Amino acid sequence: MLKTNKWLLLIFFLGFTPLFFAQNYLLPNEELIFSFETQKGKKLVLAKDKNNAYIIYRFGTNQKVELEFPKKDKNSWQAFKYYFYFRGGGIQNEGMDINHLKFMNADYEYNIYDTYYAVDNNKTIGIEIRNTTTNKVMDIKGSKSTQKGSLVDFRYNELLEVHDAFDED
């Protein structure tokens, strides 16, 4: 009996250990807007407070949030700008759906993207990070199979600035 209990305890511990050490990217008072895992296994989460008190970006590994931006307050919505362009009509009209959510943090511009081009039936997600001092760009591709949520709802959201994707800042 004692040996059986030890095995059950070991199985329980091994089964739930990842849950205890996994980083929480979504708090109980938040709802997911958009998320994906990168092709290198990191996680990007864009969430908001259920009462729209703030919007938050989190990026990192399962064990550690490496960047959380901005502070959790009503002004957080002003830190983000949404850009989009939509042209329907499928392949015949070279249809496309381009969505970008941008923000600045220190000397870096972050551009979360979700794009679709009908011509080659190509959908891409990811984040570009540009050092505004050196102009060096890092493009971190997302894994489409891990995508949850959408940036499209920002088109109708009055909490942050909305621009045509081809507008200049």
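Helices (H or I, at least four residues) and strands (E, at least two) are taken as DSSP runs and numbered from the N terminus. On this basis the protein chain follows the pattern α-β-β-β-β-β-β-β-β-β-β-β along the sequence, with one helix and 11 strands. The model is a predicted one, in which local features need pLDDT of at least 70 and side-chain atom pairs count only at pLDDT 80 or more, whereas totals for chains, interfaces and linings use all residues. Residues are numbered from 1 along each chain as its sequence is written, and side-chain values use heavy atoms, with hydrogens and water left out.

Accessible areas were computed by the Shrake-Rupley method with a 1.4 Å probe, and for residues only the protein chains shown count as cover. The protein chain exposes about 10,700 Å², of which carbon and sulfur atoms supply 55%. A residue is called buried under 20% relative accessible area, exposed over 50% and partly exposed in between (1.4 Å probe, protein chains only). Of the 169 residues in the protein chain, 35% are buried. Contact is defined as heavy atoms within 4.5 Å. Among contacts between residues at least 6 apart in sequence, 43% join residues at least 24 apart.

Strand pairing was assigned where DSSP finds at least two bridges between two strands. An open sheet of five strands has the order β4-β3-β2-β1-β10, and its pairing is antiparallel. β4 and β10 are the edge strands and have a single partner strand each, so one side of each is left without a neighbour in the sheet. Within this sheet, β1 and β2 are joined by seven bridges and form a hairpin with five residues between them. Gly41, in the turn of the hairpin, has a positive phi of about 90°. Phe34 is placed opposite Leu46 in β2 and also opposite Gly149 in β10; the antiparallel pairing of β1 with β10 comprises two bridges. β3 and β4 are antiparallel over four bridges, with Glu68 in β4 as the bridge partner of Arg58.

Further pairings involve β5. This strand runs antiparallel to β6 over eight bridges, where Tyr83 stands opposite His100, and parallel to β11 over four bridges, where Tyr82 stands opposite Val162. Lys102 lies over the face of Tyr83, at 4.8 Å from the ring centre; a charge is assigned to a ring face if NZ of Lys or CZ of Arg is within 6 Å of the ring centre and within 35 degrees of the ring normal.

A nonpolar core is a set of buried Ala, Val, Leu, Ile, Met, Phe, Trp, Tyr and Cys residues joined through side-chain atoms within 4.5 Å. The largest such core has 24 residues, and those with the most contacts inside it are Phe34, Leu46, Tyr57, Phe80, Leu101, Ile112 and Phe154. Elements giving two or more residues to this core include β1 (30-37), β5 (80-87) and β8 (122-131). A second, separate core of five residues includes Tyr25, Val45, Ala47 and Ile56. With neighbours within four places in sequence left aside, the contacts of Ile112 include Phe34, Leu44, Tyr57, Leu101, Phe103 and Leu151.

Leu160 is located in the loop between β10 (148-149) and β11 (161-164). This residue counts as buried because its relative accessibility is 8%. Leu160 and Ile55 are 105 residues apart along the chain, and their C-alpha atoms are separated by 9.8 Å.

Rings of Phe, Tyr and Trp (its six-membered ring) pair if their centres lie within 6.5 Å; planes under 30 degrees apart count as stacked, over 60 as edge-to-face and the rest as tilted. Nine aromatic pairs were found in the whole structure. Tyr57 and Phe103 form a tilted pair, at 4.9 Å centre to centre and 55° between the planes. Tyr57 lies in strand β3 and Phe103 in strand β6, 46 residues apart, and both are buried. Phe69 and Phe103 form a stacked pair, at 4.8 Å centre to centre and 15° between the planes. This pair links strand β4 to strand β6, across 34 residues, and Phe69 is likewise buried. One aromatic cluster is formed by Tyr57, Phe69, Phe80, Phe103 and Tyr110.
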